[in-house]
Amino acid sequence: MVHGEAWTIKEFFTYPNEYIYWTIQIVMYPFMTGLVAGAFVLSSLYHVFGVKQLKGIARFSLVFSFALLPVAMLPLLMHLQQPLRGIEVMMTPHFTSAIAAFGIVFSTYGMIVASELWFVFRKHFVETALGLKAIEGRSVLQQGQYLLFSVLTLGAYDISHEAIEADERAVKKLAAAGIPVACFLHGYAGFIFGSVKANALWMTPLMPVIFICSAVVSGIALCILTYILTMEIRKQLARRHRLAHPELPSMEELKSAEAHVVAMTSRYLLMFMVAAITLELLDLIFRGYTAVKSWDILRSVIYERDFVNIFVVQYGLGNLVPFVLFLIPGLTIRRAAVGSALVLLGVFMMRWNVVIGGQAFSSSFSGFMHYVMPLWPDSMETLKEGLVGALIVAGVPFGLFYVLNKVMPVFKETH
């Protein structure tokens, strides 16, 4: 069976070799890289621009961005027919291919985020290593932790006031350098789509900018939603263990901190939402005004066949409804969680409508193709290219974040 034949339904006149080749994993690819860039930009608002109100979520979003980073490659590896060749992008990067530039940008961004995390948590590494060293008769687990944190200190045990200030300056410089790299990490995905001249829906110079703005929106929304869920877990733990551990923060303290951080972060989410929606609508209006040769088939896709996906789900549920929810005075935690979830839905549908919608019409301009996502796998191909594969990609970052939080606690004061 030809790749794509299992999930493609054709209608009217299409060429024999036309199928929906780019499936849910190629939708997940720009979506996940967008979350990486957005989470990093959120942390940089505090580290670079000094937005003190975001201090409570800055470390959280930075660690989450690092947890999302390895998953940025996972959708491509699952989509490849020969996944073992994927390492070639990292090992043999060059500047004559847009996708090969991914290796350079990905490696550079990974080094920047890893270095920034080291400076942010260096004091924690040193204190933990020295605390474990002072324990006599360490258990096997404590010995392993001591070795781990000793290695993470990289031999730099100076945690004087001057050393901590030097760390903060390094964090600021790295965060400033990481912002354009993070934007390019995701913007080049839009560049790849926007440079495909054979596809009328993708070919627009606004595509990279639209991808970057929506990436920041999705990253901030995911950080808000995950932060709320994490704080709810902390409140439940505080309620259970408050008597045995009086040093734990009280329920009132956690609620106050959560409400303050969510309210401040939501303001920046609204700002980036306005920019992203404006660019998307500007691109849509521009296409209708210029009305090039392919506009007839595009109009039938946008305003007829994908009307529900674009205007009801993406713009309605994913943009208008959360925009109103965040604008209503007296933002509550529950309303912020619902609004953030809807924003993520809207950005995901934007990626879906670009990737799947861009393949919905035939190159003959006289036929259409429909993508039927495999819900239950009956082969390895439908496993990777279906709902199960997408859920695996979506779930891995949360597992990585849980592990990283054990080493780099996001709610502990480090400086």
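Modeller: A helix here is a DSSP run of H or I with at least four residues, numbered from the N terminus. The model is predicted.

Colleague: Which helices supply at least two residues each to the lining of the second largest cavity?

Modeller: α8, α9, α11 and α12 each do. That cavity holds about 90 Å³ of space. Among its 13 lining residues, S214, A276, E280, N319 and V347 are closest to the centre. The lining has seven nonpolar, five polar and one charged residues.

Colleague: What makes it a cavity and not a pocket?

Modeller: A 1.4 Å probe fits in a cavity but cannot get out, whereas a pocket is an open set. The count is two cavities of 30 Å³ or more.

Colleague: What lines the largest cavity?

Modeller: 17 residues, with L201, D283, Q314, Y315 and V354 nearest its centre. α9 gives the largest share, four residues. By class, the lining has 10 nonpolar, three polar and four charged residues.

Colleague: Why are β1 and β2 called paired?

Modeller: Pairing needs at least two bridges. Five bridges join β1 (residues 8-12) to β2, and the strands run antiparallel, so they pair. K10 stands opposite M369 in β2.

Colleague: Why is β2 called largely enclosed?

Modeller: Buried means under 20% relative accessible area. Four of the five residues of β2 (residues 367-371) are buried, so the rest of the structure largely encloses this strand.

Colleague: How do you know that the span of α14 agrees with its number of residues?

Modeller: At 1.5 Å a residue, its 21 residues (387-407) should span 30 Å. The end C-alpha atoms are 32 Å apart, so the two agree. The buried residues of α14 include G389, F401 and V407.

Conventions: Residues numbered from 1 in each chain as written. Predicted model: local features only at pLDDT ≥ 70, side-chain atom pairs only at ≥ 80, totals over all residues. Heavy atoms only, no water. Expected span 1.5 Å × (residues − 1). Buried < 20%, exposed > 50% of the residue type's maximum accessible area, 1.4 Å probe, protein only. 1 Å grid on protein atoms, 1.4 Å probe; cavity = no way out; pocket = protein on both sides within 12 Å on 5 of 7 lines; lining within 4 Å. Points joined across faces, edges and corners; volume = space filled by probe spheres on them. Nonpolar A, V, L, I, M, F, W, Y, C, P; charged D, E, K, R; others polar.
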